[in-house]
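Let's walk through how some of the strands in this model line up with one another. Have the fold open beside you while you read.

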Amino acid sequence: MTSMCSDIISTVEFNYSGELLATGDKGGRVVIFQHEQESKNRPHLRGEYNVYSTFQSHEPEFDYLKSLEIEEKINKIRWLPQQNAAHFLLSTNDKTIKLWKISERDKRAEGYNLKDEDGRLRDPFRITSLRVPVLMPMDLMVEASPRRIFANAHTYHINSISVNSDHETYLSADDLRINLWHLEITDRSFNIVDIKPANMEELTEVITAAECHPHQCNVFVYSSSKGTIRLCDMRAAALCDRHSKFFEEPEDPSSRSFFSEIISSISDVKFSHSGRYMMTRDYLSVKVWDLNMENRPVETYQVHEYLRSKLCSLYENDCIFDKFECCWNGSDSAIMTGSYNNFFRMFDRNTRRDITLEASRESSKPRATLKPRKVSTGGKRKKDEISVDSLDFNKKILHTAWHPKDNVIAVAATNNLYIFQDKIN
């Protein structure tokens, strides 16, 4: 059973320049890949990603008051914009958020007065002359050090963290509350959304994801398990329980079923880079919303409509509760999200064309071209098509990331990370 493996990837995130790519896994580790500069004598490599740094971000803990194990799995990673030579990222498990500094060292100081080269302290009475220590070159070392630990602010499991456009604050969301933090202050945060009812038996929905607007530091959105999205403005009130905008698509009564509420739950919400649109992912589709229009999405893309007839068995094997993420390309002209059988889907917003690709070892030999895949939904199956009944629901792509500038994508398939780029002639 692979789900017990600690190396199952649980989050994937490019930094703002796309030069670094971070993954978090079930074992609490963060692995950072760096984009290699292409060399003149090997131009066909066009910048591969190689391991840059690996560190243990979170350890398993135990809450003695509640007799609960807190697993070390990394739920989300978010990069901070780069201000100097070092890189900073936030990583979170279910309860604790950490700010990590990743920095390089390629020099070391030699020639100390009070200790020998091997580190032993010298007798101060035997020091007859002072010398100035010098910096000597050494092999490059990449160090990851925790700079801040933001703990004890969430009763429920953290599902989202999002860095604000002011680059000073960030928000963290769990099932019932959203907190606003200052990156320099660890001992307090402001609770900006609280949907916990006085009586928990009256609970009808939970928060599933939250994100800050990319340009307006006072605006954020959060999605719910009821398929709705609320946009809040922190200028209106300190506690944003009353939303400014409420996005919901009216349900088609003819398609209502036992599973309607489950499959309408939103698993991810992402603002476009422009800040004009946002995208939401539910179980069967991706929707693009214009922030100026609340009553329905402007675009809807079916991810795997052929599974609608299989919802009963997907409910029985718990797959119906899988949380798929979605992402925009750098120019907001295309979107990507995952599916089952290690398939992932890409939609071109301009041409309305879509494609299904597969992330697997067989199909992804270096510099091989990915072939589009098709799923047959009954009747006669064509040669290259895959039958719905033969899809492997244990192979699922929940986490994907798109390079902020180039056509380079990262796709996490269980414990494998695939990086694809568009073909160059």
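This is a predicted model: local features need pLDDT of at least 70, side-chain atom pairs count only at pLDDT 80 or more; totals for chains, interfaces and linings use all residues.

## The β8-β9 hairpin

β8 and β9 make a hairpin, with 4 residues sitting between them. Strands here are DSSP runs (E, at least two residues), numbered from the N terminus. β8 covers residues 87-92 and β9 covers residues 97-110; they run antiparallel and are joined by 6 bridges. Two strands count as paired if DSSP finds at least two bridges between them.

Residues are numbered from 1 along each chain as its sequence is written, and side-chain values use heavy atoms, with hydrogens and water left out.

## On to β10

β9 also pairs with β10 (residues 134-150), again in the antiparallel sense, over 13 bridges. Here you can look at A109, which stands opposite L135 in β10.

## The β23-β26 sheet

Further along, 4 strands build an open sheet, ordered β23-β24-β25-β26 with antiparallel pairing. β23 (326-328) and β26 (354-358) are the edge strands, each with a single partner, so one side of each has no neighbour in the sheet. On average, neighbouring strands of this sheet are turned by 20° against each other, direction ignored; the axes behind that angle are lines fitted to C-alpha atoms.

Which residue in β24 does C326 stand opposite? That's T337. β23 and β24 (residues 334-338) run antiparallel, joined by 3 bridges.

Methods: Axes are lines fitted to C-alpha atoms, for helices over the stretch in contact, and angles run from 0 to 180 degrees between N-to-C directions.
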